[in-house]
Amino acid sequence: MVRQKIQINKIDNLTARQVTFSKRRKGLFKKAQELSVLCDAEIALIVFSATGKLFDFSSSSMMQLIQRYSVQTENSNNQSQQPLLINQAEGTRHDMLNKELAKRTTELQQIKGEELEGLSLDDLMRLEKYVEGGLSRVGKFKDEKFLNEISTLKSKESELMEQNARLKEQAERYEGTRIAVEADQGNSASSITNSHSFACAEDKSDSDTSLRLCL
């Protein structure tokens, strides 16, 4: 014979309800005890009847199990809230960075003379002073750059002049040496020519062979 399923609804009859509660409570506690023994599980079971009467079962100390449950529940809640807190912090930081970027962009445009419509007179005067101060610093830095470049060019000019003077001195020494060598060579050639002419004159009366040699 097939056992029919009982429809799970509240039992209206008070007496039948109490009988069913008693039977099912005993079966529930029996199952909890069997689960604790078979699986070495720590189980705490608390039941309040419709009349407010307390029934409980625990495989060990009920208070220890309740405290353990409280700690575990708190840790679980903290772990579940931690990603949410991290996401909120990241979102807040992202919003702050976006606002800072928008502010700096607007300031840069205002320095360039753009987006000035929403500024008050005080803001415009403050912006003008800021721009003037920036221009003054830029001009000062530019002057320093010019002076440094002029000093560098003067140093290079001095070095080039020294090199030119050394090259000129070397060229003058070389030219003097060349002239002296050419003079010595000219004197030597003149001496040889004079000696040769003198020999030819002496041998003028000699044979035709000597004359041809002199020619």
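Q: Which side chain does Glu-42 meet in a salt bridge?
A: Arg-68, with 2.9 Å from N to O. A salt bridge here is a side-chain nitrogen of Lys or Arg within 4 Å of a carboxyl oxygen of Asp or Glu.

Q: Before I go on, what kind of model is this, and how are residues numbered?
A: It's a predicted model, where local features need pLDDT of at least 70 and side-chain atom pairs count only at pLDDT 80 or more, while totals for chains, interfaces and linings use all residues. Residues are numbered from 1 along each chain as its sequence is written, and side-chain values use heavy atoms, with hydrogens and water left out.

Q: OK, back to that pair. Where do Glu-42 and Arg-68 sit?
A: Glu-42 is in the loop between α1 (14-39) and β1 (44-48), and Arg-68 is in helix α2 (residues 62-111). They're 26 residues apart, so the pair links distant parts of the chain. Helices (H or I, at least four residues) and strands (E, at least two) are DSSP runs, numbered from the N terminus.

Q: Is Arg-68 buried or exposed?
A: Exposed, at 55% relative accessibility. The cut-offs are under 20% relative accessible area for buried, over 50% for exposed, and partly exposed in between (1.4 Å probe, protein chains only).

Q: How many salt bridges does the structure hold?
A: Four. One of them joins Glu-100 and Arg-104, at 2.8 Å from N to O. Both residues lie in helix α2, four residues apart, which is about one turn of the helix.

Q: And how accessible are Glu-100 and Arg-104?
A: Glu-100 is partly exposed at 34%, and Arg-104 is partly exposed too, at 46%.

Q: What does Glu-169 form a salt bridge with?
A: Arg-173, and the closest N and O atoms are 3.0 Å apart. Both are in helix α3 (residues 121-202), again four residues apart. Glu-169 is partly exposed at 44%, and so is Arg-173 at 48%.

Q: Switching topic: how many helices and strands does the chain have?
A: Four helices and two strands. From the N terminus on, the order is α-β-β-α-α-α.

Q: How much of the chain counts as buried?
A: 8% of the 215 residues. The chain exposes about 19200 Å², with carbon and sulfur atoms supplying 56% of it; that area comes from the Shrake-Rupley method with a 1.4 Å probe.
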